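Here is a briefing on one protein model. Look at the structure first, then read the points by topic.

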Amino acid sequence: MRARSLSTPARALLAAAQATPSRRRLLKGALAGGAIAATGAAMAACGTRGVPGTVATSAAACVTPDVSATERTVAFSNWTQYLDVDENDSSRHPTLAAFQAKTGLKVSYTEDINDNNEFFGKIRTQLAGCQTIDRDIVVFSDWMVNKFLRHGFAQPLDAAKMGNYHRNLLPSLKARPYDTELRYAVPWQSGLTGIAVNTRVAKEVRSMDELLTRPDLKGRVTVPMEMPDTMGLLIASLGKNPADFTPEDFDAALEKLRKAVESGQIRRFTGNEYVQDLAKGDVAAAVAWSGDAIQLGFNDEKIKFVTPEEGLLIWSDAAVIPVTAKHAGNAMTLLDHYYDPKVAAELAAWVNYVCPVAGAQEEMVKIDPELAESKLIFPDAAMLANVKAFAPLSESEEREYQAKFSAVMGV
């Protein structure tokens, strides 16, 4: 990482951010609560939930002048609980505060993304009409990023502004087939999908079949609205590979889901909001994302992240700059900031997802040596060899499978 010259106030803010304890120290308890032992495919699959394809030519028709030089702002929309928080001021994000002090840029940060399809549906009409969505950065799961690119909705990155990114992106994330030249999408975090259980209200759940049929869980189960997460684990429950399945496999897995919906076993399909219900005990068990479950576990040791018999799924979320963004240069400066290994480690210490930045594990040792050993944040080769990924889908396959899945959801 190339050191940057900081002003005295900037150094003070950065020092404060680096001195901030991790969630583990503040809230105690988490990883010991999770039964973590993955089974399945390979890390090369992480970040490959899209499919190869060229960016739609319609992107060239929408030209948005970059006013970064005169308007020193950037608007950033993200998923909930996806940025570090000051323990004394929940509205303050230490790594973001350090960035603003260092660069003089003002960041409008909003955690208003709850579900890929839901958020994409809110902005697609404006983007298709080359109208502003008042955002310079949005974060989607890789399969939705692929769709975003197919529609020509993303601006290209300037490699000259992204030195940290090109230098420090994990090698395993450089092979994403929808962005092989690293021109459009910047991985924000990766993660694992398994099962979270509030053991205060239910005993542990060890398989998808158990989750979807056990009588004591009836009406107290949630699963993601994200088709790849839910269907990936269900396909695996058939003994099939979610990275290489047939239409018949999908339909058989979907039938399991349909029966669970019709029987009342599933309380509802959710985005990120499932965490509140799980924490309160209104939901006993959920198909869950690793970082959410770990964060809940810091507050309540009774919440466990369990590797189901089917294994864990691996996925990646990436940041893109919408074609109508007016501050693309500022957005790239911000994203590159998070590829400084020190900053990436500070972020990972809070969000607890798989960190996409090489060198961050060594920096994490200085913040929290125990977290530096966490395979949920820094998976080793053995673990990555045994996780599964959802298959890359063509546009027609995605449309067909999503329609079937949505029908079962009732939307």
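Residues are numbered from 1 along each chain as its sequence is written, and side-chain values use heavy atoms, with hydrogens and water left out.

**Overall make-up**

- The protein has 17 helices and nine strands. Helices (H or I, at least four residues) and strands (E, at least two) are DSSP runs, numbered from the N terminus.
- Of the 411 residues in the protein, 58% are buried. Buried means under 20% relative accessible area, exposed means over 50%, and partly exposed lies in between (1.4 Å probe, protein chains only).
- Among contacts in the protein with a separation of 6 or more, 79% join residues 24 or more positions apart. A contact means heavy atoms within 4.5 Å.

**Confidence**

- The mean pLDDT of the protein is 85, and 85% of its residues reach 70 or more. pLDDT is the predictor's confidence in each residue, from 0 to 100.
- Over residues 1-57 the pLDDT is below 50. Beyond near neighbours in sequence, this stretch still has 158 contacts in the model.
- Where pLDDT is low, the predicted coordinates should not be read in detail.

**Helix 8 and its two partners**

- Helix 8 (residues 227-237) packs against helix 9 (residues 247-262) at an angle of about 100 degrees, with their axes 9 Å apart. Axes are lines fitted to C-alpha atoms, for helices over the stretch in contact, and angles run from 0 to 180 degrees between N-to-C directions.
- Helix 8 is therefore roughly perpendicular to helix 9. Angles of 65 to 115 degrees count as roughly perpendicular, under 35 as roughly parallel, over 145 as roughly antiparallel and the rest as oblique.
- Helix 8 brings Met227, Thr230, Met231, Leu234, Ile235 and Ser237 to this contact. Helix 9 brings Asp249, Phe250, Ala253, Leu254, Lys256 and Leu257.
- The residues of the contact of helix 8 with helix 9 are eight nonpolar, two polar and two charged. Ala, Val, Leu, Ile, Met, Phe, Trp, Tyr, Cys and Pro count as nonpolar, Asp, Glu, Lys and Arg as charged, and the others, Gly among them, as polar.
- Helix 8 also packs with helix 17 (residues 395-409), at an angle of about 85 degrees and with their axes 11 Å apart. This pair too is roughly perpendicular.
- Met227, Thr230 and Met231 of helix 8 meet Tyr401, Gln402 and Phe405 of helix 17. That contact has four nonpolar residues, two polar and no charged.

**Ala253 in helix 9**

- Ala253 lies in helix 9 and is buried, at a relative accessible area of 0%.
- Not counting residues up to four places away in sequence, Ala253 touches Met231, Leu234, Ile235 and Leu238.
- The C-alpha atoms of Ala253 and Ala236 are 8.6 Å apart, at 17 residues apart in sequence.

**Enclosed helices**

- Helix 13 (residues 341-351) has 10 of its 11 residues buried, so it is largely enclosed by the rest of the structure. The buried set includes Glu346 and Trp350.
- At the start of helix 13, a side-chain oxygen of Asp340 comes within 2.9 Å of the backbone nitrogen of Lys342.
- Just after helix 13, Asn352 has a positive phi of about 65 degrees.
- In helix 11 (residues 290-299), nine of the 10 residues are buried, so this helix is also largely enclosed by the rest of the structure. Asp292 and Gln295 are among the buried residues.

**Phe148 in helix 5**

- Phe148 is found in helix 5 (residues 142-150) and is buried, with a relative accessible area of 0%.
- Leaving aside neighbours within four places in sequence, Phe148 contacts residues including Phe120, Val138, Phe153 and Pro322.
- Phe148 and Pro322 are 174 residues apart along the chain, yet their C-alpha atoms are separated by 8.9 Å.

**Positive phi in loops**

- Most residues other than glycine have a negative phi.
- Gln81 is not a glycine but has a positive phi of about 55 degrees. Gln81 sits in the loop between strand 1 (73-79) and helix 3, and is partly exposed at 28% relative accessible area.
- Cys130, also not a glycine, has a positive phi of about 60 degrees. Its loop runs between helix 4 (116-128) and strand 3 (137-141), and Cys130 is partly exposed at 35% relative accessibility.

Technical notes: This is a predicted model: local features need pLDDT of at least 70, side-chain atom pairs count only at pLDDT 80 or more; totals for chains, interfaces and linings use all residues. A polar contact is a pair of N or O atoms within 3.5 Å; within protein, one must be able to donate a hydrogen and the other to accept it, and residues adjacent in sequence count only if both atoms are side-chain atoms.
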